[in-house]
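Morning, everyone. Please look at the screen, and I will walk you through it step by step.

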Amino acid sequence: MSEFKHKLVVGLEIHVHLCTKSKIFCGCELEYGATANTRVCPVCLGMPGSLPVMNKRAYEFAVMVGLALNCEIARFTKWDRKNYYYPDLPKNYQISQYDMPLAEHGYIEIPLEGGKSKKIRITRAHLEEDAGKNVHSTGNYSQVDLNRAGTPLLEIVTEPDLNSPAEVKALAVELQRIVRYLGVSEADMQKGHMRFEPNVNLVIDIGGKEVKTPIVEIKNLNSFRAVERSVEYEIHRQLDEFGETGKTMGMGNKSTRGWDDVNHVTVLQREKEEAHDYRYFPDPDLSPVELSDEWLGDIKSRLCELPLQMQMRFVNEYGLSEYDAGVLTGDRTTAEFFDNAVKAGGDSKRLCNLITQAGLKMANEKGCSLAELGFSAEDTAELAKMVEAGDVNTTAANTILEKMTELGEGPRSIAEKFNLIQKNDAGELEGIVDEILAANPDVVEQIRSGDKKSGKARSFLMGQVMQKTKGQANPKIVSEILAKKLG
Amino acid sequence: MEDGLINLGLVELRDKIASGEVKSIEAVEAVFGAIDKYEPTVGAYISTFKEQAIGKAKEVDQKIASGQKIGALGGVPVAIKDNMCTTFGATTCASKILEKFHAPYNSTAVQKLLDADAVIIGKTNLDEFAMGSSTENSGLKQTVNPWDVQRVPGGSSGGSAAAIAARLCYGALGSDTGGSIRQPCSFCGVVGLKPTYGRVSRYGLVAYGSSLDQIGPITKNVADAALLMNVISGHDAADSTSVSEDKAPVVDYLGEIDEGVEGLKIAVAPQLNAGADESVRKSVEEAIETYKKNGAKVIEVEMPHLDYAIAVYYVIATAEASSNLARYDGVHYGHRTVEPKDYVEVYSKSREEAFGQEVKRRIMLGTYALSSGYYDAYYLKALKVRNLIRQDFAKVFEKCDCIMMPVSPTTAFKIGEKTADPLQMYLADIYTIAVNLAGIPGVSIPCGFDNDKLPIGLQILAPAFEEQKLVRIARMYESQTDHHKQVPPLTTNL
């Protein structure tokens, strides 16, 4: 690798499929993976005489994202036709928004290491229809599947504010979290619900003089890992290339490279940015969209607390670690479940342990969300309270949570039914401790003599008490008794 | 009896069928009798549906016999311009590119005809994709003017206008982007109404200039047009540009048609009319005189921006067309070239082979107007002037009920006379084009004949959504004249 003092500059172009029930300009169902050309009608097939009708829901979803990204929301927008020929585009124009995007001038706050965050500016976000898919077969022809044609697609463009591969990945992850919280996209990268195209170049310092390498747009990224790795790769590649050729950014030398996920390299796809003339003009088939105060108010009322805000609140108000807060805010149901359980009086750390150690594990195994496991946030809070009060120990608590899922009963009744209530009676426990001590005189002697293995010996005695009480003894009380008796 | 039957108006026939005096099947047979005899000469139809029509007629007759309710067009034979999608037959737009295209759905207007129990006889010829003023641009066949078979029927709804004039049907639908209903009606001596933009659903009308296109009736008289308007008008959820009923409710256009308009104020623009042929100007002036005699007041007005209408139209309509027609690419449906060497050739060769000259010309014009670097100078500027034209009309309607002028500066011209000079052809639409740019309704009614016994049309324009007033004004003149009752010599012996 050539050694140049450099700074990475990345801006993102992002496409997000909105998960409305039907397509953006017709009533066809949106369904991933359906048999080719079965989710189509005259409108999305671009049949002669067919006309688009805007799906209000799609527009609302897009505005929600715009609001979540702190954008200025346009109160008057229109639809434009972007004209170009391609077999997956049945009308040979795409209905899009050209000079009046529905959202502009926003920012997204992304979490960085050490509890810090960074604001990345959003240039614009606009809505458009997705194209279909060309299916290339082995013969001398290709086929076209138009199921995807007309899927509402939100295009988001960021300013080139990202300066490390980790930041690029953080933005991608954060945006996924946001659109999932809003419930406007499934945002599955593998399924193409979300596509990231980083525009990458370097600012190189040569003796105090700054030069820029040509911009590269990276395509074919279908995982967060690929997003991060491809940018990382580009840094090295561009440094090497600069070292060899000294080529700098200039008119028309932007290129497109595809990510090869097997060999972990970017591969040149298009040498020069083609000078496309899309001949944009307002679509005469669609009326402009006027977003009234009332409508906007209605959309705003459907927003929720955003993941990063929640994550920070969990750290600041609930005293959780960055890591735990991150895990709990990974998805909205978990975050809200946890939040509700804390609000129902459960201790935040105990709840965090219950949910991250037992709850999410079960949810993962069953392939459902935390809320679908069959117990409420209130019940979970109750269980945390029982742990706090010493009624059950933490191991038993995890077992109880599992039983709550199976039986659909409250924590207390399960604890009683399965004898998981902890023995807190110091008198009764003292008797048991005495029995154990009496049965193990050599171990007792080992402790009293101050043997260096006395710690292990104490654990052994504790284990014996637990065995005797079938795990119901309160370990805190037992260890106090042991301490008193053994000095 | 047959002679009387074929010359009946649509309303009259509808009433006679409903009362049982005439059977629908008799009317259908009369129409197919006329088609057998004259269609080979006139060439109005691209396709006809005899079997289906007979079936439908029998069904309606059966309904009537058994006392069931029938629709507003119960058993009446009608035709539709072949740029409206139908699940039966092909929808060709008179283009080789769609010659074998079968639509999977019915356009809203056609569906409304079917729901009203109309009997659809066939689909009529037009200039390819409705681009033209003479129907000579049809990629599939030639239609002639029934008044003089050496002459054009006008266009682009030439097939529908010729079909009504030649008594090959009782009513028809046309479409009007720059005069395509009114001008052929003027040339063929029949009535044609272009409704306000947004009054009739465009869903299923194959788009030419989306912001200008509008479906409307072509009939023997004004009342017939009003009846068809009653059936096809109204909001359609499938067409975002169709106007909601709260904004502009659909009214009964036929009900008060004979009421006239008290204290009618007519606007005329003498500087505009000066460009018309002597015979046309005279006939239009005489028609206005008739109104005056009935108490109307005539006010002279100026509409300065109308001079730019043709220029504006040929930017906007072609720009929209260049995009609208991009879908005919040989990939998904329609004509595809054989053995293309790559996918680009699927596009270029399919389109080169199947589009006609005029369609290609307009696609190129529109593509140019929208191109980067030219957009502001052409398309954007045209939109601005379009607004000025709208304002010209609005100003006139502040003080007048309607505007009257010729439909076309000439009567029907000879076949081939203008095909070599597209600009001359474009100028034939000087009186009709501004109306589409403004989106207002207009009607063409017969108002006389020139020395060659060729029909002349009077154009009456009204403010947006004032179609009811428009047909009442038109009817005032029609009820006092018999131009509309004249039958072309070709068919007088029927």
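Predicted model: local features only at pLDDT ≥ 70, side-chain atom pairs only at ≥ 80, totals over all residues.

Now the helix itself. Helix α8 of chain A covers residues 348–366. As a reminder, an α-helix has 3.6 residues a turn, so residues three or four places apart point the same way.

Next, the domains. Chain A is divided into domain 1 (5–293), domain 2 (305–417) and domain 3 (426–486). Between the C-alpha centres of domain 1 and domain 3 of chain A there are 65 Å.

On to a sheet in chain A. Three strands make it up, in the order β5-β4-β16. The sheet is open, and the pairing is antiparallel. The edges are β5 (93–96) and β16 (281–282) of chain A, and each of them pairs on one side only. Strand β4 of chain A, residues 80–83, is joined to β16(A) by two bridges. In one of the pairs, Arg81(A) has Phe281(A) of β16(A) as its bridge partner.

Now the cores. The largest nonpolar core has 274 residues. Those with the most contacts inside it are Ala62(A), Val65(A), Val78(B) and Cys402(B). From each of domain 1 and domain 2 of chain A, this core draws at least three residues. Apart from it lies another core, of 11 residues, including Val433(A) and Val478(A). Back to Cys402(B): leaving aside residues up to four places away in sequence, Cys402(B) touches Ile266(B), Leu461(B) and Ile473(B), among others.

Last, the two chains together. How many residues of chain B are in contact with chain A? The count is 35, and they meet 24 residues of chain A. On the chain B side, α11 (309–324), α12 (343–354) and α13 (357–370) each give two or more residues. The most come from α11(B), with three. By class, that side has 18 nonpolar, 12 polar and five charged residues.

Methods:
Residues numbered from 1 in each chain as written. Chains lettered and ligands numbered in written order. Contact = placed C-beta atoms within 7 Å. Helix = DSSP H or I, 4+ residues; strand = E, 2+ residues; numbered from the N terminus. Nonpolar A, V, L, I, M, F, W, Y, C, P; charged D, E, K, R; others polar. Bend = angle between axes of the 7 residues up to and from the residue. Domains from an automatic or database assignment. Pairing = 2+ DSSP bridges. Core = buried A, V, L, I, M, F, W, Y, C linked by C-beta atoms within 7 Å. Buried ≥ 20, exposed ≤ 12 C-beta atoms within 10 Å, placed from the backbone.
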